[in-house]
Amino acid sequence: MGLIRILPDQVANKIAAGEVVERPASVVKELLENSLDAGASSVSVDVESGGKRLIRVADDGVGMLRDDALLAFERHATSKLRDVGDLLSIATLGFRGEALPSIASVARVELDTRIRQETTGTRVEIAGGRLLNVTELAREPGTTILVRDLFFNVPARRKFLRSEQTELSHIAQLVTHYSLAHPDKSFRLTSGTGELLNATPVETLRERVFQVFGTEILEELVALGSCEKRLTIPAEPPDPPEEKVFRLSGFVSRPQVQKTNRNSIYIFVNRRLIRDRLLLHAISAAYYNLMPAGCYPFALLFLEFPYDEVDVNVHPSKTEVRFRRQSFAHDLVRDLVRERLVESKPVSAFPMSPRPPAMAAALPASDALPVSDFVLRASPFPAPRFDFSTTPPIEVAGAAEHLGRLVEVDAPPLESLASIGELRPLGQVRDSFIVATGPDGLWIIDQHVAHERVLFEKVLRERAQGGAERQQLLVPMVIRLTAEQQINFARLAEELAAAGFELEPFGQGTIAVKTAPAGVSATEIEKLLHEVLDTPDQELRGLTPDDVRRKVAASIACHAAIKINTPLEPRKMQWLLEELAKTDCPMSCPHGRPIVLRYSMKEILKAFHRL
């Protein structure tokens with residue numbers, strides 16, 4: 001007798017369940033996708049004990065006939081594919097035909113369904129992969145699936161489940177994700193503790209973001225609008241070339257919103273939630289030089305690609321995809337997000353007080369929006385004699401009438417830094433931060449990073465034009481290099497020369513500096529070169545030529561910029577603001593720190609209890 005044999009269906013289904021059903025959230029995902037594919041306009045999800053005891057998903061979709069309801073529990077039975085050619089252009093969320101039989105093999109399942117054309121519906125009961133009962137019932141059109149006692153017949157798998165709170169958190173994140181992808185549909189999530197999500201249908205994505213995250217998160221986001229790119233695909237003669245349209249929409253956060261992980265990045269491709277390293281890298285590249293290394297933005301991106309340009313049949317849980325033109329997809333996301341950030345020039349709000357706890361709880365990620373790592377510390381003034389932080393607003397008769405004479409509260413805020421040159425500088429704080437006033441309140445500008453941004457873009461502009469401004473040293477400066485620095489020098493010599501350096505080997509382990517970029521003082525030249533050449537080998541190998549160019553330019557700008565503790569005349573401060581307004585990215589320095597903070601008139605009036 002041979003050793004190889006065909007496994008029974010019950011065993012095969014349990015193996016498939018190991019791939020498809022990882023935890024209760026996996027069950028919710030498969031059932032939720034089935035509801036959306038069925039054309040449901042309303043989906044309700046109820047769970048008990050974090051989904052371990054009960055999961056109930058109800059929808060108002062097209063429903064099923066009795067025979068279809070039974071056939072749905074057979075392996076590889078689906079209404080979404082007809083032939084192998086359909087795999088090349090999948091338009092539905094599900095397509096494998098494995099979800100229901102896999103779930104039914106490791107749980108007790110009850111399916112109620114009815115199509116609109118029939119007067120009665122069908123109930124199918126299955127436990128551990130065995131059909132128990134099929135009956136008729138009266139119900140409204142649509143489908144309801146109950147999944148009880150998940151992994152009741154696989155105790156080893158049940159032991160690996162986390163706490164009820166953890167499993168419920170995964171389910172909540174999943175339902176939230178799909179509610180964002182389908183703002184025109186209703187989503188409701190309840191558990192034993194009450195209602196967790198109730199998102200009613202809305203017309204725009206902005207309204208759904210407000211429903212899910214609240215107004216404070218929404219204020220931190222920049223809308224991408226509807227961006228598209230057209231690509232002409234050459235065809236074999238005599239067929240004409242084919243033009244395909246690729247669209248991107250959604251929201252990204254201002255550079256000041258800096259997360260410690262990627263949990264707040266949501267990417268949807270053709271309404272399918274995915275995790276893709278290629279697109280995650282594209283988003284990070286879009287924020288390069290706008291955000292410190294190791295920080296990540298909040299992003300909600302929706303990509304609409306032709307279905308034949310995306311292969312979704314690469315992972316059992318369908319959370320990964322493969323793009324037919326990977327470089328194009330990467331550059332599309334990177335360039336459009338970067339262009340929108342540069343175009344909008346979003347203003348950073350002044351961090352007046354910690355955000356309320358509700359804001360952090362609204363985010364699916366566990367971390368709240370952190371304040372920039374560059375903190376302005378107050379000088380040791382005496383403690384204030386009065387504390388109004390907990391004082392209720394003062395009701396004064398006629399206050400609103402007199403307030404209108406004091407200030408125009410409804411004056412349009414300066415939401416873009418493009419007009420920062422119109423600000424009027426008032427002075428400096430500790431000879432380091434420029435204080436200025438404008439039509440919408442008080443502004444604080446970090447003079448060092450502001451000048452750093454101006455010089456950074458100037459260096460890149462001169463580099464692109466083929467000639468960087470240089471200064472000749474009276475006496476060549478000899479600098480000693482470590483062994484690792486010598487290796488990096490050989491790699492970066494060409495870029496350093498293009499940036500304005502003239503460097504020559506000068507004996508063993510040393511180089512001679514004859515010229516340097518204009519504006520860099522003699523005391524800063526050695527620090528600048530060591531900073532560039534100390535780049536770790538692993539980081540340097542991962543940089544593109546453009547990244548290397550920007551890294552060198554950022555170091556030059558940092559060492560040539562106005563330092564803190566430097567008094568500036570009013571004319572110099574005004575010049576700096578005007579030059580900053582001319583830059584492409586006046587919101588962040590090349591290392592990602594904020595340049596400008598605004599204390600809006602609205603916040604000032606609130607602080608004085610005039611609102």
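**Reading the folds of a predicted model**

Author: Buried residues make up 48% of the 611 residues in the protein chain. Bear in mind that this is a predicted model.

Reader: What makes a residue in the protein chain count as buried?

Author: The cut-off is a relative accessible area under 20%. By that rule, 48% of the residues in this protein chain are buried. As for the secondary structure, the chain comes to 19 helices and 22 strands.

Reader: What share of the contacts joins residues at least 24 apart?

Author: A contact means heavy atoms within 4.5 Å. Counting contacts between residues at least 6 apart in sequence, 72% join residues at least 24 apart.

Reader: Let's pick a helix. How do you know what span to expect for helix 10?

Author: Take 1.5 Å times one less than the number of residues. Helix 10 runs over residues 326-344, which is 19 residues, and the expected figure is 27 Å. From first C-alpha to last, helix 10 reaches 27 Å, so by that definition its span is close to the expected one.

Reader: Which residues of helix 10 are buried, and what do they pack against?

Author: The buried ones include Ala329, His330, Leu332, Val333 and Leu336. Their packing partners include strand 9 (221-233), helix 9 (277-286) and helix 17 (545-560).

Reader: Why is strand 18 called largely enclosed?

Author: Five of its six residues (441-446) are buried, so the rest of the structure largely encloses strand 18.

Reader: What makes strand 18 a partner of strand 17 and of strand 22?

Author: Two strands pair if there are at least two bridges between them. Strand 17 (residues 433-438) and strand 18 have six bridges, while strand 18 and strand 22 (residues 596-600) have five. Both cases therefore meet the cut-off of at least two. Each pairing is in the antiparallel sense. Ala436 has Trp443 of strand 18 as its bridge partner, and Leu442 stands opposite Tyr599 in strand 22. Strands 17 and 18 form a hairpin, with two residues between them.

Reader: Why are strand 5 and strand 8 called edge strands?

Author: Eight strands form an open, mixed sheet in the order 5-4-3-6-2-1-7-8. Strand 5 (130-137) and strand 8 (194-199) are its edges: each pairs on one side only. From one strand to the next, the twist averages 10°. Helix 2 (residues 24-37) packs on this sheet, and its direction makes about 10° with that of strand 2. Within the sheet, strand 3 and strand 6 pair in the antiparallel sense over seven bridges.

Reader: What makes a space a cavity rather than a pocket?

Author: In a cavity a 1.4 Å probe fits but cannot get out, whereas a pocket is open. The count comes to one cavity of 30 Å³ or more. The largest cavity has a volume of about 70 Å³, and its lining includes Ile90, Leu93, Asn270 and Tyr307.

Reader: Which helix gives the most to the lining of the second largest pocket?

Author: Helix 17 does, with six residues. Helices 9, 10 and 17 each supply at least two residues of that lining. This pocket holds about 1,100 Å³ of space. Its lining has 34 residues, with Ser284, Ala285, Tyr288, Leu543 and Asp547 nearest its centre.

How values were computed:
Residues numbered from 1 in each chain as written. Predicted model: local features only at pLDDT ≥ 70, side-chain atom pairs only at ≥ 80, totals over all residues. Heavy atoms only, no water. Helix = DSSP H or I, 4+ residues; strand = E, 2+ residues; numbered from the N terminus. Buried < 20%, exposed > 50% of the residue type's maximum accessible area, 1.4 Å probe, protein only. Axes fitted to C-alpha atoms, helices over the stretch in contact; angles between N-to-C directions. 1 Å grid on protein atoms, 1.4 Å probe; cavity = no way out; pocket = protein on both sides within 12 Å on 5 of 7 lines; lining within 4 Å. Points joined across faces, edges and corners; volume = space filled by probe spheres on them.
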